[in-house]
Amino acid sequence: MIGKIDHVGIAVRSIDEARGFYEAMGLEVAEIEEVPHEGVRVAMIPCGEGRIELLEPTRDDSPVAKFLDKQGPGIHHLCLASDDVEGDDRSLRDGGYRLIRDEPTRGAGGSRVQFVHPKSAGGVLVELAQPGAAGEEDR
Ligand code: CO
């Protein structure tokens with residue numbers, strides 16, 4: 001089940017350059033983490049109940065690098081917090097919605113994540129994330 005909006009993911013060419021705007025408004029980068037299998041560095045910026053996630057590609061062939069090549073920097077995805085990402089994955093799949101991965105995988109911060117294809121979600125790439133639910137096998 002979906003709880004709240006967890007974060008908005010923003011594709012940037014450089015975290016070091018992009019973070020200044022948010023810091024100018026008094027927000028702070030809480031942590032920076034690399035997610036090697038996604039080819040990104042991720043900076044999390046807490047903002048009230050939600051967070052802003054800056055995504056910087058670490059490889060030319062990563063999904064975020066391709067997004068930047070096509071569209072330039074900007075909003076990349078909307079993340080909804082799930083308390084059961086496997087269950088949401090199944091029920092969306094059963095409902096005919098298109099999921100990006102065959103099954104949920106490890107995301108930033110030890111979460112377990114799945115993505116819904118923009119073609120199934122009104123043009124928005126939607127991430128479903130279950131905090132702290134990454135399995136031992138893919139930590
Ligand atoms: Co995200």
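Q: How do I tell which strands pair, and what does G9 stand opposite in β4?
A: Two strands pair if DSSP finds at least two bridges between them, and strands themselves are DSSP runs (E, at least two residues), numbered from the N terminus. Here, G9 sits opposite E53 in β4. Five bridges join β1 (residues 2–11) to β4 (residues 50–57), and the two run parallel. A quick note on the model: it's predicted, so local features need pLDDT of at least 70 and side-chain atom pairs count only at pLDDT 80 or more, while totals for chains, interfaces and linings use all residues. Residues are numbered from 1 along each chain as its sequence is written, and side-chain values use heavy atoms, with hydrogens and water left out.

Q: In what order do the eight strands lie in the sheet?
A: The order is β2-β3-β4-β1-β5-β8-β7-β6, in an open sheet with mixed pairing. β2 (31–35) and β6 (105–106) each have a single partner strand, so one side of each has no neighbour in the sheet.

Q: What joins β7 to β8?
A: Five bridges, with the strands running antiparallel; V116 stands opposite V126 in β8.

Q: Are the faces of β7 covered or open?
A: In a regular strand, side chains alternate between the two faces of the sheet. In β7, both faces are covered: R112, Q114 and V116 on one side, V113 and F115 on the other, are all buried (under 20% relative accessible area; exposed is over 50%, partly exposed in between; 1.4 Å probe, protein chains only).

Q: Where does K119 lie, and is it buried or exposed?
A: K119 is in the loop between β7 (112–116) and β8 (126–130), and it's exposed, with a relative accessible area of 72%.

Methods: Helix = DSSP H or I, 4+ residues; strand = E, 2+ residues; numbered from the N terminus.
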